[in-house]
Amino acid sequence: MPKFKSKEIEVAVEAVRKGALLAFEMRRKMSISPLTKPDKSPVTPADFAVQALIARMLQKHFPDDPLVAEESAAYLRTEEGSETLNQVKKYVRKKIKGAVRKKILDWIDRGTAEPGSRFWTLDPIDGTKGFIRGDQYAVALALVENGEIKIGVLGCPLLKNAQAVDKKGPGSLVLAVKGKGTWVRPLAKKKDWKPLRVSSRTHPSEAILLRSIEENHVSGPHAEKLVKMLGITQPAIWMDSLAKYVVLASGAGDILCRIPTAPLPDGAEHIWDQAAGALAIEEAGGRITDMDGHPLDFSTGKKLARNRGIIATNGYLHEKVLDAIRQIRPADVKK
Ligand code: AMP
Ligand code: MG
């Protein structure tokens, strides 16, 4: 159990707990009708509602800290978006009595800030496609100071003990603190923290690969080549979202790779998709770098503009995976 406290940790844990429980409730109670954003990715009323709730909490406790989050309220402010806004409002008002439209829109738009020397980064629902399908998703919040991730908190409503799929929910809450460790507790409780530790598997042939379900997010053919090169015999775990990072931190999976399908800068990852999960892996004893073995650089704006792809392992397997990646390095994705 974490034997230290800070206001930042307390607020971040409480914000993600509330946000993840709200996402879980909305997924159970609503018929999900996703909208399509200009980048063709889906968004649901739950993404907006969770961002509103967490942004409000951060505003209350840390009014000077910028929030860099995935969503904005631009669509909800249009005529066309009014029905979606009604749904968002209905659920936010259950949690925040008397919340009015303007406040909700402003809370969501707090998330459009640019990164500064100290900022929070939030993905209100990572893996929205999984969320819509009824599969895994994660609420992810991190505090970044001078390019270093200090705190990462993840809410995974359909993941029990940070490792097993449990669609009954309400799943796990994971906390990682720089230099201190990674823990999990049940999302439904406010106690019972247990430390998380990566696996100790050293032979690639025994390793379990964590893979994305969505085909266009990362390169499947390169992942297949990696399986062959490493002689992996275990079946992969196919899972949406940062839930994969949590499973790696818990030791139930060993290798995760995101080989981009597009060259940089388009192929670079967003910081809110990586920060909380990266710290959870590192503080559980694992390693996370880009495909070239470089550390992830969180000081380049909203995207990891200097990093190409993501490789995360239990640490023991890292160099072996990087060696294999060097050999199958995709010619179509150049710096
Ligand atoms: P996954 O981990 O592959 O299940 O997918 C979740 C992540 O993929 C989210 O963090 C998304 O932001 C990201 N994502 C969504 N669309 C794309 C895309 N076209 N290319 C790369 N990543 C994507
Ligand atoms: Mg995401």
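Reader: Why is Asp135 called buried?
Author: Buried means under 20% relative accessible area, exposed over 50%, partly exposed in between (1.4 Å probe, protein chains only). Asp135 has 18% relative accessibility, so Asp135 counts as buried. This is a predicted model: local features need pLDDT of at least 70, side-chain atom pairs count only at pLDDT 80 or more, and totals for chains, interfaces and linings use all residues. Residues are numbered from 1 along each chain as its sequence is written, chains are lettered from A and ligands numbered from 1 in the order in which they are written, and side-chain values use heavy atoms, without hydrogens and water.

Reader: What makes Asp135 and Arg133 a salt bridge?
Author: A salt bridge needs a side-chain nitrogen of Lys or Arg within 4 Å of a carboxyl oxygen of Asp or Glu. Here N to O is 2.8 Å. Arg133 is partly exposed, because its relative accessible area is 36%.

Reader: Which parts does the salt bridge of Glu214 with Arg133 tie together?
Author: The closest N and O atoms of Glu214 and Arg133 are 2.7 Å apart. Glu214 lies in the loop between β12 (209-211) and α6 (220-230), Arg133 in helix α5 (residues 128-133), so the pair ties parts 81 residues apart in sequence. Helices (H or I, at least four residues) and strands (E, at least two) are DSSP runs, numbered from the N terminus. Shared partners join Arg133, Asp135, Lys167, Glu214 and Asp240 into one salt-bridge network.

Reader: Why is Lys190 called exposed?
Author: Its relative accessibility is 55%, so Lys190 counts as exposed. Lys190 forms a salt bridge with Glu14, at 3.6 Å between the closest N and O atoms. Glu14 is buried, because its relative accessible area is 18%.
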